[in-house]
Amino acid sequence: MKKTVVIIFTLCLLMSLAVADDLEVPTILKPIATQHGVNITPQHRDAPPYTFTKLPTPIITSYYDYMIGSYNGLPMKVIPQSAGGGYFMTYHGSRTAGGTRRVFYTYIDAQGNILDNAEITGVQNHEGYSTLEVEPTQGKPMYAWHANKDSDPELEVEFASDAFLDGLTGLFNFDIVIDNPITITAPNGTVTIDNEFIWPNAQIGPSPITGKQRIYIVARNSVTHNTANVPSENPYIAYADFDSDDIVNAIPFIWQYTSIPEMNQWNVDAEWRRPFHAITADNAGNLYYAGFHFATESDASTNIDEPDMDVFICPNYGEGTWRRVSAYSKLNMWNPDSSPTDTTGYFKSPVSGLPYGDNGELYFGIAAGNSGHVNATLDDLNRIHVFGIWSLQNFEGYYYPEMEFVKEFVFDPVTEEFSINEVYPQKNPLDDYNTGFCPWDYQAPFGEVDEYVLTTSGYAISVATGWPFPHWDDTAHGDAMEFHYNNCKITTANDEGMMAAVWQESRRARDANKYGDIDFIAYANTPEIWISVSPDNGETWSEPIILNNIETPEFAGIKPMWVYPADKIHYIDTVDGHKIGKLGFMFYDDYTWGSNVIENPYHPNPDGGKVMFMEMQITFPLSDANDDPTVPNVTYMLHQNYPNPFNPETTISFDMPKAGFANLSVYNVKGQLVKTLVNGNLDWGRQSVVWNGTDNYGNSVTSGLYFYRLTTNGKTETKKMMLVK
């Protein structure tokens, strides 16, 4: 029998909040009254086994207790094994209460020893929101952050590269990447001269210059020019080509710039479009700015219904023409009956009082204002992943705060199609009725309310709830906690397709503090870290690993906040089909839960906390493709071609889990079919085919990047290869 607590909320509107200096300005959201119900707990699967290879370890005591890393990136990067392994980290902090906020770097070796930690600059300047990239061959770290470096009031984006010689760090070369203010001309001809691009994130990709790489640094506009004068952070992107010798020899980078015309237009439009995007780049020279946005009329209140998941694409190493591909994040839900005997819809409009229909008026969609601190990554199949919070919403622009869950969207650049993967909780695999996890119908039989509860006010439905935030109190910071504190992060896939999604939950703390649930009183001061892992590029996600100061002995006395995983999992081994990998983390141990340093402080104690490092070794679950006991244990079907790059021919091998139809085809970067190599029935086991660089008509194809895709047994896998003539 499910334990149920039912509390009726009153309708409230979040108010805008004035914040100081370089802090993000919150979104105006419209939460709606709903019922609080059962607490989501792991029900049908086991979380992956793990051990701590490095226990939570303090790096520094810091008195800046808000968002210690960048908003839309991963400020912890793996150092390549060729450069000794380990991690570089960056964060902002203050060594004393009320002291100057500075930007720091940390060097951690392959054994988890903290070898260096210091401020990047030697100047007492207000710095913040640093980002980090690591050159992938010799491990040279490069940092960017914002600070005021001249006499005008606007902040600049500062850059530092580290020569990192023989394990010695801090050999910095400095530069100003973006010297604000910047003049921008929108497509309609509107010219603005006061733009301030801050909150940087960095990404390394290939360069069109042989032997070089290209670093991109994107910053977002803190100034808006739309009719409602509300935030619409169009990006400005600096890029430069370099190699390791340039860093070692302190050769200045030559910076060039691009911006996204459509988003420049958003910044000056009458309508309000607010983007929440992050940068990533593939190995074919394509630059992506991926995320989501919401749109309203010029009143900044009336919702505009339009596709909200976006990938802006720029070919030719960021020098091509930008274009946008978009899709809806909606997963339509049905409106349950009000009671076992009343077929009137349970969820009703706060405007008209009428029940919502089952025709798309009620749905799960990306919670834009509550999921703004996302990053964008690539998997081993060259697809883009954006991980965030989806909430139950209605077509009138309201959302139900108690029903917010983590999902991701995946964009395939070859087909230009979006898909939505549920990370936690997930729809029952036997449920063929709902479009996704349904909070009132997640147990069989499906298509019916799981449980009604009779209260003094009549019947209420029992709903599964989630609270994917690092604090329980949504009233914090002027009712803007969900906006300021959300922090969903996802790693890039390694060569084995291993990924991790990391977020925080405070559901049990919320039950104890807000609803007085005595069963969870021990969790009243307990933010939790939740980690879900995927062995197969996000096709399947595990039950989450849960770390907290009640159930995890290694976390005794720790209140984790602002959790950032490293950018990639370090593959260790495969045992009985299970991949094993190590993942590093940076987080903040908050002495008093909640932020003191931002506007409307949650508590009056400027006591700070500690910046922490830890590392875990995780045994990954098998892919769902292995659930069929009649299918041999094949983790991946498609193998990397050899040789790669190649000329004039290459061999592609793949494993058939069982006999059946298979199609193996080659596509160009535009997604156009080039060559069908296999299209027929095959026996189970290892198969190989040679491609000689010709198309279906026997013509030789040009040099460049190509994708080869295998479809068989209901699964599709894609890899990339390079033809060089």
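# A tour of selected strands, loops and backbone angles

Select glycine 189 to begin: in the hairpin of β10 and β11, with five residues between the strands, this glycine takes a positive phi near 95 degrees. The model is predicted, so local features need pLDDT of at least 70 and side-chain atom pairs count only at pLDDT 80 or more, while totals for chains, interfaces and linings use all residues. Residues are numbered from 1 along each chain as its sequence is written, and side-chain values use heavy atoms, with hydrogens and water left out. Strands (E, at least two residues) and helices (H or I, at least four) are DSSP runs, numbered from the N terminus.

Next, show β10 (residues 182–185) and β11 (residues 191–195), which pair in the antiparallel sense over three bridges; two strands pair if DSSP finds at least two bridges between them. Isoleucine 182 stands opposite asparagine 195 in β11. Buried means under 20% relative accessible area, exposed over 50%, and partly exposed in between (1.4 Å probe, protein chains only).

Move on to the open sheet of four strands, in the order β12-β13-β14-β15, with antiparallel pairing. At its edges are β12 (197–206) and β15 (256–259), each pairing on one side only. Within the sheet, β13 (residues 213–221) and β14 (residues 235–242) are joined by eight bridges. Select isoleucine 217 to find its bridge partner in β14, alanine 238.

Proline 468 comes next, in the loop between β29 (458–461) and α3 (476–479). Is this proline buried or exposed? Proline 468 is buried, with a relative accessible area of 2%. Leaving out residues up to four places away in sequence, proline 468 touches Ile389, Glu404, Val406, Trp503, Gln504 and Glu505; contact means heavy atoms within 4.5 Å.

Most residues other than glycine have a negative phi, and most peptide bonds are trans. Methionine 67, in the loop between β1 (50–62) and β2 (76–78), has a positive phi of about 35 degrees. Methionine 67 is buried, at a relative accessible area of 0%. Aspartate 479 lies in helix α3 and has a positive phi near 65 degrees; aspartate 479 is partly exposed, at 29%.

Finish in the loop between β37 (609–619) and β38 (650–656), where proline 645 is found. A cis peptide bond joins asparagine 644 to proline 645, with omega about 0 degrees. Proline 648 is also in the loop between β37 and β38, and a cis peptide bond joins asparagine 647 to proline 648, with omega about 10 degrees.
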